[in-house]
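Dear colleague,

Please have a look at it first, and then read on.

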Amino acid sequence: MMSTSSELQSSKANKPSARSSTSLDAVHRKTLTQFFSVARKSSLLKQSLAIIVVVLVLYAFHNTFHNTFLTPAATSKLENAFPSFSSASSTTQENQLNLQGKPVKVYLYDLPKRFTYGVIEHHSLARGGRPDDDVSKLKYPGHQYMGEWYLFQDLLKPESERVGSPVERVLDPEEADLFYVPFFSSLSLIVNPAQPASGSEKPLYSDEENQVALIEWLESQEYWKRNNGRDHVIMASDPNALHIVIDKVKNCVLLVSDFGRVKEDQGSLVKDVIVPYSHRINTYTGDISVENRNTLLFFMGNRFRKDGGKIRDLLFQLLENEEDVIVKHGTQSTENRRAATRGMHTSKFCLNPAGDTPSACRLFDSIVSLCVPVIISDSIELPFEDVIDYRKIAIFVESNAALKPGFLVSMLRGIPTERILEYQTELNEVRHYFQYGEPNGTENEIWRQIAQKLPFIKLTINRERRLVKRDSNVRDCSRLCSNQNGIITSL
């Protein structure tokens with residue numbers, strides 16, 4: 001028994017306890033954790049060292065490349081090899097400045113007097129006037145194409161009187177963005193009276209000869225030749241103005257009343273500017289009201305016109321016997337202008353059919369009279385449509401609909417007074433756009449429209465320089481054609 005007990009005690013002493021085994025496992029786990037932690041730290045340290053080495057290598061390479069290849073001499077070679085890099089950046093900055101309101105620089109050509117004041121002098125002489133030693137004192141005669149005079153005079157004003165103008169006159173042509181050619185092309189057309197006195201000799205003035213002489217003068221100018229006239233601006237507001245030489249100036253920015261006599265390859269809405277006629281009747285100064293406007297619809301003008309204007313005679317036939325409608329045949333004269341002023345100032349609506357071309361001066365007479373224009377001219381182009389929504393100030397009637405018996409008058413009689421007053425309010429808001437010679441008037445808006453053409457002008461100049469050959473039979477993709485005038489000859 002004692003032997004057995006002794007053996008048991010010896011066995012217990014030699015066998016490790018459970019508590020002792022658990023303690024050893026914990027020690028082993030702690031050791032392994034410490035080992036892997038050190039390993040991870042070692043790996044991260046290696047990665048960090050590798051990244052630092054790569055950064056140092058890239059830094060050294062950058063300095064070597066900059067010092068070796070981007071020296072002033074090397075940069076100069078790059079700019080010489082690729083000049084568009086620097087010039088394109090400069091051009092972009094200039095365009096951005098122009099869009100932000102920096103005035104566009106305009107050079108006013110000092111034309112020989114035969115193209116400016118000489119035209120006024122011949123107009124005066126043809127009507128019994130006397131020669132003047134200083135023709136610059138002569139007064140430009142009033143007519144609907146006076147815009148050419150107002151733009152010329154605007155550029156002659158001191159800059160202190162041109163506050164807010166989108167363009168700035170420069171005296172050095174090297175500084176100019178655009179070049180203005182102040183030929184009185186529309187006045188030139190009417191220098192010789194339509195009916196000269198009987199027994200008179202051959203007129204001393206020839207518009208055709210003056211047109212040809214103008215082109216000869218322009219083509220001798222350095223700045224015209226530089227870009228083939230693309231950065232030049234010239235007014236041709238009468239549809240027949242410059243008709244002999246229009247192909248010679250078609251690259252210019254043309255200031256026109258419409259495109260009625262201009263071919264597709266001569267004018268477009270993209271490169272040219274639609275300008276308003278100078279209104280020929282007095283501006284209405286009364287209140288917005290229909291109280292003293294007892295006539296429903298008024299028209300006074302030439303009943304018989306060519307081309308699209310043939311619709312006038314058809315409208316006369318429909319309207320001349322309508323109650324509270326006045327349609328009169330009348331040509332330009334002081335007496336007729338007075339009658340037209342009275343008629344427009346006392347009418348709710350004013351009829352504006354096409355003339356020989358889609359536009360007519362009467363529209364702008366209507367606007368300054370606050371007489372709501374009723375426009376019947378399917379192909380008309382209107383000035384300043386980026387700032388004026390004409391649907392708010394005028395009623396547009398398609399020609400075929402207007403020629404339906406009873407349609408036009410019935411439609412106008414159905415317009416409530418409140419709507420007419422809304423039209424008048426809108427007309428009053430925008431009529432300063434059609435007031436030549438007024439502060440912030442028509443001249444400023446025309447110059448703004450011209451200034452907006454500058455990016456396109458630069459585009460066409462650069463495009464022209466890089467084109468080697470162009471198929472003349474393929475339509476030029478750079479143009480946007482205007483509407484073509486429709487002709488209606490019967491009811």
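Arg303 is a buried residue, with a relative accessible area of 17%, where buried means under 20% relative accessible area, exposed over 50% and partly exposed in between (1.4 Å probe, protein chains only). Please bear in mind that this is a predicted model, in which local features need pLDDT of at least 70 and side-chain atom pairs count only at pLDDT 80 or more, while totals for chains, interfaces and linings use all residues. Residues are numbered from 1 along each chain as its sequence is written, and side-chain values use heavy atoms, with hydrogens and water left out.

The side chain of Arg303 meets that of Asp313 in a salt bridge, at 2.7 Å from N to O; the term stands for a side-chain nitrogen of Lys or Arg within 4 Å of a carboxyl oxygen of Asp or Glu. Arg303 lies in the loop between β7 (295-301) and α11 (311-319), and Asp313 in helix α11, so the pair ties together parts that are ten residues apart in sequence. Helices (H or I, at least four residues) and strands (E, at least two) are DSSP runs, numbered from the N terminus.

In total, the structure holds 13 salt bridges. Another of them joins Glu159 and Arg162, at 3.3 Å from N to O; here Glu159 is partly exposed, at 39% relative accessible area, whereas Arg162 is buried, at 5%. Through shared partners, salt bridges link Asp154, Glu159 and Arg162 into one network.
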